[in-house]
Amino acid sequence: MLAVLVISTQSCKDDKGEGPLSVVVPCGTGTTALLLQHDLDVLRATKPLPINVVAVPCVGDDDYLERQMNSLNKAMGKIVLTPRWAKA
């Protein structure tokens, strides 16, 4: 599972005193980024680690990606996401 690999990588970085890890995910609908973030949240419940998931829109623009991810998030019964970027 990708989330386990990411947690393992960040744990190694933490042991070396390195900073947070960012995982950049190219996105169409944002499904992979959303599910990765969800899995990381579940796995980090016991040990918080500084990991950021960055979704880069490859189909449409950031507004399209945000709509797609919010729609999927609602369908999964999760809390609506709050984008971490500033819109111009």
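**Exercise 1. Find out which pattern of helices and strands the chain follows along the sequence.**

Solution. Start by counting the elements: the chain has three helices and two strands. Next, read them in order along the sequence, which gives the pattern α-β-α-β-α. Then look at the confidence of the prediction. The chain has a mean pLDDT of 81, and 86% of its residues reach 70 or more. Among the elements, helix 1 has the lowest mean pLDDT, 81, while strand 1 (residues 21-27) has the highest, 90.

**Exercise 2. Decide whether glutamine 10 is buried or exposed.**

Solution. First locate the residue: glutamine 10 sits in helix 1, which covers residues 2-15. Its relative accessibility is 0%. Buried means under 20% relative accessible area, so glutamine 10 counts as buried. Finally, list its neighbours, leaving aside residues up to four places away in sequence: glutamine 10 touches Gly19, Pro20, Leu21, Leu49, Pro50 and Ile51. For the chain as a whole, buried residues make up 28% of the 88 residues.

**Exercise 3. Work out which residues valine 25 touches, not counting those up to four places away in sequence.**

Solution. Begin with its place: valine 25 lies in strand 1. With a relative accessible area of 8%, valine 25 is buried, because the cut-off for that is under 20%. Its contacts beyond four places in sequence are Thr32, Ala33, Leu36, Val53, Val54, Ala55 and Val56. Now take one of these, valine 53: it is 28 residues from valine 25 in sequence, and the two C-alpha atoms are 7.3 Å apart in space. To set this beside the whole chain, consider contacts between residues at least 6 apart in sequence: 64% of them join residues at least 24 apart.

**Exercise 4. Describe how helix 2 and helix 3 pack.**

Solution. Two packed helices are described by the angle between their axes and the distance between the axes. Here, helix 2 (residues 31-43) and helix 3 (residues 62-75) pack at an angle of about 50°, and their axes are 9 Å apart. Helix 2 passes helix 3 in a right-handed crossing. Now look at the residues that meet: Thr31, Ala33 and Leu34 come from helix 2, and Met69, Leu72 and Asn73 from helix 3. Sorted by class, this contact has four nonpolar residues, two polar ones and no charged ones.

Definitions and conventions:
Residues are numbered from 1 along each chain as its sequence is written. This is a predicted model: local features need pLDDT of at least 70, side-chain atom pairs count only at pLDDT 80 or more; totals for chains, interfaces and linings use all residues. Side-chain values use heavy atoms; hydrogens and water are left out. Helices (H or I, at least four residues) and strands (E, at least two) are DSSP runs, numbered from the N terminus. Buried means under 20% relative accessible area, exposed over 50%, partly exposed in between (1.4 Å probe, protein chains only). Contact means heavy atoms within 4.5 Å. pLDDT is the predictor's confidence in each residue, from 0 to 100. Axes are lines fitted to C-alpha atoms, for helices over the stretch in contact, and angles run from 0 to 180 degrees between N-to-C directions. A crossing is left-handed if the near helix is turned anticlockwise from the far one by less than a right angle, and right-handed if clockwise. Ala, Val, Leu, Ile, Met, Phe, Trp, Tyr, Cys and Pro count as nonpolar, Asp, Glu, Lys and Arg as charged, and the others, Gly among them, as polar.
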